[in-house]
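Visitor: I have a protein model on my screen and would like to learn how to read it. Could you take me through it step by step?

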Amino acid sequence: MILIASIFVFCIAAIFRLLDNSASLLIGHGISVSPFYLSREEIKMQMGNITDTKLLQRLRITLLFQKLHKLFLYLAILTFISGIVYEVMNPTLILLF
């Protein structure tokens, strides 16, 4: 059951990754960026040059999505590892088959 929970947590991490559209936001406002996945440092550097408050707010939300993506990705890895350890100690999933 814990292994299935890790897949669910990974799906949540993928959703937050898909919500992160920082490159699209910057390109839509005429700011050229080369990678599609921008690092936090790159977004913060671009935020220093922007005066549009709506765009700044959307970029802050993008930074939040990046943090949540990493958090849920780490949680997915931890639950997967704990699920494997649990299945070694108490093999209920293997006994179902």
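Visitor: What should I know about the model before going on?

Guide: This is a predicted model, where local features need pLDDT of at least 70 and side-chain atom pairs count only at pLDDT 80 or more, while totals for chains, interfaces and linings use all residues. Residues are numbered from 1 along each chain as its sequence is written, and side-chain values use heavy atoms, leaving out hydrogens and water.

Visitor: What average pLDDT does the protein chain have, and where is confidence lowest and highest?

Guide: The pLDDT is the predictor's confidence in each residue, from 0 to 100. Where it is low, the predicted coordinates should not be read in detail. Here the protein chain averages 83, and 86% of the residues score at least 70. Confidence is lowest in helix α5 (residues 92-96), with a mean of 69, and highest in α4, at 90.

Visitor: How many helices and strands are there?

Guide: Helices (H or I, at least four residues) and strands (E, at least two) are DSSP runs, numbered from the N terminus. The protein chain has five helices and zero strands, so to speak an α-α-α-α-α order from the N terminus on.

Visitor: How far does α1 reach from its first C-alpha to its last?

Guide: The expected span of a helix is 1.5 Å times one less than its number of residues. Helix α1 (residues 2-19) has 18 residues and reaches 26 Å, close to the 26 Å expected.

Visitor: Which residues of α1 are buried?

Guide: Buried means under 20% relative accessible area, exposed over 50%, and partly exposed in between (1.4 Å probe, protein chains only). In α1 the buried residues are L3, S6, V9, A13 and F16. Seen down the axis of α1, they fall within an arc of 125°, so they line one face of the helix. That arc is the one made by the directions from the helix axis to the C-beta atoms. The general idea is that an α-helix has 3.6 residues a turn, so residues three or four places apart point the same way. Turned away from the buried side of α1 is a face with the exposed residues I4, I7, F8 and L18.

Visitor: Which residues of helix α3 are buried?

Guide: In helix α3 (residues 40-47) they are I43, Q46 and M47. These cover an arc of only 105° around the axis, which puts them on the same side of α3. Across the protein chain, buried residues make up 28% of the 97 residues.

Visitor: How many aromatic pairs does the structure hold?

Guide: Rings of Phe, Tyr and Trp (its six-membered ring) pair if their centres lie within 6.5 Å; planes under 30 degrees apart count as stacked, over 60 as edge-to-face and the rest as tilted. The structure holds two such pairs. The rings of F16 and F65 have centres 5.9 Å apart and planes at 35°, so this pair is tilted. It links F16 in helix α1 with F65 in helix α4 (residues 53-89), 49 residues apart. F16 and F72 form a stacked pair, 5.6 Å centre to centre with 25° between the planes.
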